[in-house]
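Have the structure open as we go.

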Amino acid sequence: MFGFGKRSNADVVTRADPPMQAEPVPAVVGTTSGLRIRRTRSLSPGGRDLGPAVSFMSSTPISTDALIDRNQRVLVAQSRQQATTNDYMKSFLRIAERSIIGANGIILQAQSKLRDGKMDANANAAIELWWDEWCRAENCDVTGKRNFRRLCKALVGSAAKDGEFIVREVRGKDAGPMLYALQVIDPQRCPVDYNVDSLGGGRFIRQGIEFNRAGRPLAYFFSTDNPSLSGYTHGGMSLERVPAQQIIHGFIEDLLGQRRGLPWAATALWRLGMLDGFEKAALKNARSSASLGGFIEWEAGEGPDIDDDLADEELVFEAEEGLYQELPPGARIKNVPSQYPTGEFTPFHKAMLRGAGAGMGVSYVSFANDLEGVNFSSIRQGVLDERDHWMDLQEWLIEVLVDRVYRAALEPALLMGKVVANGVRLRPENLSRHYAVRWQPRRWPWVDPTKDIAAEVTAKNNLLTSPSEIIQRRGGDPETVWRSYAQDIQGMRDAQIPDEFIMAAVLGVAPASNPKAGQAKSSASSDDAPDDQSDKQETDDVEE
C-alpha cells in the first residue's frame, strides 16, 4: 500500500561524478531501455544547480492576460470564502475600510477663488453644503440604502476582497432627485473568460471588456437575467453591453497591461488557508485529548468474567470530581497524557500571520492584534510604514472614484440651481472654476503626542513647514480652523475679555499690550461698524 519492497537493479537511479568545471552537471538516469542523458539548467546566479528545491517555480513567463484568465476567478472564489470563514481575513478587510475611509469619510474642501485670486468663501460654503446633501443615501445611491461614505467603504471592501470594484454612473430621472447617482455592480458579473479576438475596426474583447485598437475601454459586458436587455450571449448567459463612459472600474495594477484586478490578499490566501486548517486540526486534537481520560488495565489472571451476553459491551469507569473511588482488585488506571497543542504552536502561528500580513501590506501587530513583546520604537516604525501604505491607497481612491464622482455630480446640480450661497445661485458657466477642490482623507493621531507636536512646532519655527500643512496632516481644513479662531476671538471680545487673556488662551503667549486699550479697541470696532455690513462676501456669481 505504501510502496515498500525491494527495488530491481533496473529501477536504481545512478549519477555520474560531476566534472571539475562550471558547466551544468549532466545527470545520468538509468532506465530499463538503457541510459538517458538529461542536462539540468543552472538556476542560481553563481552557476550552481539548485536541484528540486525550486522545481515548483515557473521557468517560462506568461502574459498578463493569460495570468488573469487562469487565476482570477479561482483567487476571487478563495478570497470570498476566506472573507466569510476566516477571522484574520475579515480583520484585514475591516482594517482596510477603516484606514482608507474612516469614520468621517473623505471630506471635501472647496477651493473656488474670485477673479482677484482670493478665496470665494460664499461659493465654497455653498459647494460644501450641496456636497453634504448629495452624499445622503437617497441622493447618491440608486437603491437609496447607503450614503457616500458607506458606499466608499463597500467599494474598498470589494477591491480588497475581489481585487476590483465596478460602479455604473446613472443619470436622469432614474438617478433620483439629484439626476446623478451610483449603482454598485458585482465585478463577477463581468465574465473574465469572455474573449473575442476580432470585432472589426481593430476592436477586441478581453476578459469581458471591449477595447479599441489602442487599448482604451469602449464597453463592459455584464450578465443579466433580463434577455430583453441583452443582444449578446456567452456560455449560456445573456450579456448586457454598457458603454465604458458609464463605468468606473477601479483596481490596483500589479502587472503591466493588467485589465482586471486581483484580490489584495492573493499571495496570502494559500497561507491563510493552511493556517486555518492547522488551527482546526490542532483544536480537534486538543479537544479529543482533553476529553479522553484513560483506560483500565487488568493484571494477569484478574478481571471480571465476561458473559456471552455482555461480550460486546465496554467496561467504563466514571470518576467524579472530588471523590476517591476504589478500583476492583487487579485493576489499575492508565492515563492518556494530553500534550497538544505543544510549545511549537504559537511560534508557527505567528510566523504564518507575519507572512500573510506582509503580503497584504499590514503590520503584524495590526493584523494579528498581538501587542505581546512590542516596544514603543518598533510599534512606531511599523505604524508609520503602514500609514504610508494606506495614504497611497487613499490617493488612488480619490483619483479613480471620488474626484470623478464630484465633477459628474456638480454639473447637473449647477444646471438645476441646487448650489446656492446666501441667495446667490452659482452659475454653470463657472463650472471649471468650481472644480478646484482639496480632498481630505482620514488621518491618524500622533503616536507620541508630546514629541510629535514639539517636532511640528520646531519645523514651523524654522520655516520647514506651515501651520496649514500641520493642520492638513491631522485631517483638518485650515480655512475652517482660521474661521474658528476668528469666531472664538470675536466671541471673547464681545464678552469684554481683555486682549492679553485672549492671546494667552489662543496662542499661549500674552502680548505686551494694555488690556484696557485692547478692550476699548474692541468696543470701538464694534460701535463704528456700519449697520449694513455683514459677513456676506463678494462672489462672481449673479443672484437669480
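Q: Is Asp-385 buried, partly exposed or exposed, and why?

A: Keep in mind that this is a predicted model. Asp-385 counts as partly exposed because its relative accessibility is 43%. Asp-385 sits in helix α9, which spans residues 376-416.

Q: Which residues form a negative surface patch with Asp-385?

A: Asp-388, Asp-392, Glu-395 and Glu-399 form the patch together with Asp-385.

Q: What lets charged side chains pair, and how many salt bridges are there?

A: Opposite charges can pair when the charged atoms come close. The count here is 16 salt bridges. One of them joins Asp-162 and Arg-80, at 2.9 Å from N to O. Asp-162 is in helix α5 (residues 148-162) and Arg-80 in helix α1 (residues 64-85), so the pair ties together parts 82 residues apart in sequence.

Q: Which of these two partners is buried and which is partly exposed?

A: Asp-162 counts as buried, because its relative accessibility is 3%. Arg-80 is at 30%, so it counts as partly exposed.

Q: What separates Arg-407 and Asp-403 along helix α9?

A: About one helical turn, because the two are four residues apart in that helix. Their salt bridge has its closest N and O atoms 3.1 Å apart.

Terms used: Residues are numbered from 1 along each chain as its sequence is written. This is a predicted model: local features need pLDDT of at least 70, side-chain atom pairs count only at pLDDT 80 or more; totals for chains, interfaces and linings use all residues. Side-chain values use heavy atoms; hydrogens and water are left out. Patches are made of residues with over 30% relative accessible area and no salt bridge: like charges are joined within 9 Å, nonpolar side chains (Val, Leu, Ile, Met, Phe, Trp, Tyr) within 5 Å. Accessible areas come from the Shrake-Rupley method with a 1.4 Å probe; for residues, only the protein chains shown count as cover. A salt bridge is a side-chain nitrogen of Lys or Arg within 4 Å of a carboxyl oxygen of Asp or Glu. Lys and Arg count as positive and Asp and Glu as negative; His and the chain ends are not counted. The place of a charge is taken as NZ of Lys, CZ of Arg, CG of Asp or CD of Glu. Buried means under 20% relative accessible area, exposed over 50%, partly exposed in between (1.4 Å probe, protein chains only).
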